[in-house]
Amino acid sequence: MLLDTATRDGRRVRVGFGKDPGQAGKSQAFHLVRALSGFDVTSAGESGNKVTRFGPFSAQCRAGNVKILRGPWNDDLFRVLEGFPELAHDDEVDACSGALEMLNPNMNSWGIYELYRQQAENLRVEREATSGRAEPTWAIGSMEWLAEQKKSS
């Protein structure tokens, strides 16, 4: 299925997949890369739990930075993403988390959280300097942060 999809997408599209830790994951990644010879292939090791890895993608969705190509598969994708982590089937969640990781290769999940923390701290310092009073600290992309952004617009 990976080879078929890569062939339909064309050689200009980068192919990526998660690599499970341990020897079995390394072996599987080796064979998949070999099977996709001629394509730009990246296997990325997965670390941390699924909820933590999904955090950056979820934050980008809440901030309105994720665009989804309209298609007949949309309802199924949204049902899985919105039901995570309660639903048992979560391959789409892993795919979305991995895709964001591929698009931001220098931002592992800890790196993006650190970026958000720094942005929130800079915003807090700026607001305190202009208002003269302490401001609440909201995580960028959180519901509270979005509400504050709407109020200040």
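Modeller: Helices here are DSSP runs of H or I with at least four residues, strands are E runs of at least two, and both are numbered from the N terminus. Counted that way, the protein chain has seven helices and two strands, in the order α-β-α-β-α-α-α-α-α along the sequence. Bear in mind that this is a predicted model, where local features need pLDDT of at least 70 and side-chain atom pairs count only at pLDDT 80 or more, while totals for chains, interfaces and linings use all residues. Residues are numbered from 1 along each chain as its sequence is written, and side-chain values use heavy atoms, with hydrogens and water left out.

A bit of context before zooming in. Of the 153 residues in the protein chain, 27% are buried, where buried means under 20% relative accessible area, exposed means over 50% and partly exposed is in between (1.4 Å probe, protein chains only). Taking a contact as heavy atoms within 4.5 Å, residues 24 or more positions apart account for 58% of the contacts with a separation of 6 or more.

The part I'd look at is helix α4, residues 74-83. Its buried residues are Asn74, Leu77, Val80, Leu81 and Gly83, and they pack against α3 (50-62) and α5 (91-103).

Now follow the chain out of α4. Leaving aside residues up to four places away in sequence, Phe84 touches Lys50, Val51, Phe54, Asp90 and Val93. The peptide bond from Phe84 to Pro85 is cis, with omega near 10 degrees, and Pro85 belongs to the loop between α4 and α5.

Asp90 and Lys50 make one of them, at 3.4 Å from N to O. Because Asp90 is in the loop between α4 and α5 and Lys50 is in helix α3, the pair ties together parts that are 40 residues apart in sequence. Asp90 is buried, at 14% relative accessible area, whereas Lys50 is partly exposed at 31%. Lys50 also has a salt bridge with Asp94, with the closest N and O atoms 2.5 Å apart; that one links helix α3 to helix α5 across 44 residues. Asp94 has Arg53 as a partner too, at 3.5 Å between the closest N and O atoms. Arg53 sits in helix α3 and Asp94 in helix α5, so this pair ties together parts 41 residues apart. Arg53 counts as buried, at 17% relative accessibility. Through these shared partners, Lys50, Arg53, Asp90 and Asp94 join into one network.

Cys96 is buried, at 13% relative accessibility, while Cys61 is partly exposed at 33%. A disulfide would need the two sulfur atoms within 2.5 Å. The sulfur of Cys61 is 7.1 Å from the closest cysteine sulfur, in Cys96, so the two are too far apart for a bond. The disulfide count comes to zero.

Finally, the outward side. Ile68, Leu69, Trp73 and Phe78 form a nonpolar surface patch with about 390 Å² of accessible area together. Patch residues have over 30% relative accessible area and no salt bridge; like charges are joined within 9 Å, and nonpolar side chains (Val, Leu, Ile, Met, Phe, Trp, Tyr) within 5 Å. Areas come from the Shrake-Rupley method with a 1.4 Å probe, and for residues only the protein chains shown count as cover. Ile68 is in the loop between α3 and α4 and is partly exposed, at 34%.

Technical notes:
Salt bridge = Lys/Arg side-chain N within 4 Å of Asp/Glu carboxyl O.
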